[in-house]
Amino acid sequence: MSYFDILKIASTGLSAQRIRINVISSNLANANTTRTEDGTPYQKREVIFRTILDGELRGGVRVEKVVRDEKPPILKYEPGHPDANEEGYVAYPNINPIEEMVNMLEASRSYEANVTVLNTAKQLALKALEIGRA
């Protein structure tokens with residue numbers, strides 16, 4: 001494994017976690033969206049990762065796809081709401097803000113770990129150059 005492979009692997013982790021944080025942010029922002037463009041409540045999205053084991057990159061991770069969660073919406077009785085059905089129930093997205101915050105924290109920590117790998121690899125390269133000068 002070359003020095004540049006370490007940088008490439010860490011950069012794939014940074015990219016994947018950035019996408020994950022964006023999806024989680026979208027879930028949190030739309031936790032109370034009862035009507036989207038197609039008239040249905042917002043559906044939670046999740047990121048599916050895939051490891052890279054062959055090809056030019058011999059390691060790392062990439063986002064394979066972003067999928068919609070198929071859990072049914074949460075029904076709340078609010079007869080005065082403009083999106084209430086004939087029985088007075090409003091369909092809210094099945095998003096738990098606490099769970100989303102935990103996922104966001106985990107993604108953030110993973111992002112930070114990849115930044116640490118990049119900085120450590122950079123410091124190792126600089127030290128190796130200093131050895132070569134002496």
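Trainee: What covers the buried residues of α1?

Mentor: First, the ground rules. This is a predicted model, where local features need pLDDT of at least 70, side-chain atom pairs count only at pLDDT 80 or more, and totals for chains, interfaces and linings use all residues. Residues are numbered from 1 along each chain as its sequence is written, and side-chain values use heavy atoms, with hydrogens and water left out. Now the terms. Buried means under 20% relative accessible area, exposed over 50%, and partly exposed in between, with a 1.4 Å probe and protein chains only. Contact means heavy atoms within 4.5 Å. Here the cover of the buried residues of α1 includes β1, β2 (61-68) and α2.

Trainee: Which residues of α1 are buried?

Mentor: They are D5, A10, T12, G13, L14, A16, Q17, R20, V23, I24 and N27. For the protein chain as a whole, 25% of the 134 residues count as buried.

Trainee: How are the elements assigned, and in what order do they run?

Mentor: Helices (H or I, at least four residues) and strands (E, at least two) are DSSP runs, numbered from the N terminus. The protein chain has two helices and four strands. From the N terminus the order is α-β-β-β-β-α.

Trainee: Which residues of α2 are buried, and against what do they pack?

Mentor: E100, M104, A107, N114 and A121 are the buried residues of α2. They pack against α1 (3-29).

Trainee: What should I look for among polar contacts, and which one does the side chain of D83 make?

Mentor: A polar contact is a pair of N or O atoms within 3.5 Å. Within protein, one must be able to donate a hydrogen and the other to accept it, and residues adjacent in sequence count only if both atoms are side-chain atoms. The side chain of D83 makes such a contact with the side chain of T34 (2.5 Å). D83 is in the loop between β3 (74-77) and β4 (89-92). D83 is partly exposed, with a relative accessible area of 22%. Leaving aside neighbours within four places in sequence, D83 is in contact with T34, R35, Y89 and V90. D83 and R35 are 48 residues apart along the chain, yet their C-alpha atoms are separated by 7.4 Å.

Trainee: Where is T40, and what does its side chain contact?

Mentor: T40 is found in the loop between α1 and β1. Its side chain makes a polar contact with the side chain of D38 (2.8 Å). At the start of α2, a side-chain oxygen of N96 reaches to within 3.0 Å of the backbone nitrogen of I98.

Trainee: What radius of gyration does the protein chain have?

Mentor: The radius of gyration is taken over C-alpha atoms; the globule rule is 2.2 Å times the number of residues to the power 0.38. A compact globule of 134 residues would have a value near 14 Å, but the protein chain has 22 Å. Along its principal axes, the C-alpha trace spans about 80 × 25 × 20 Å.
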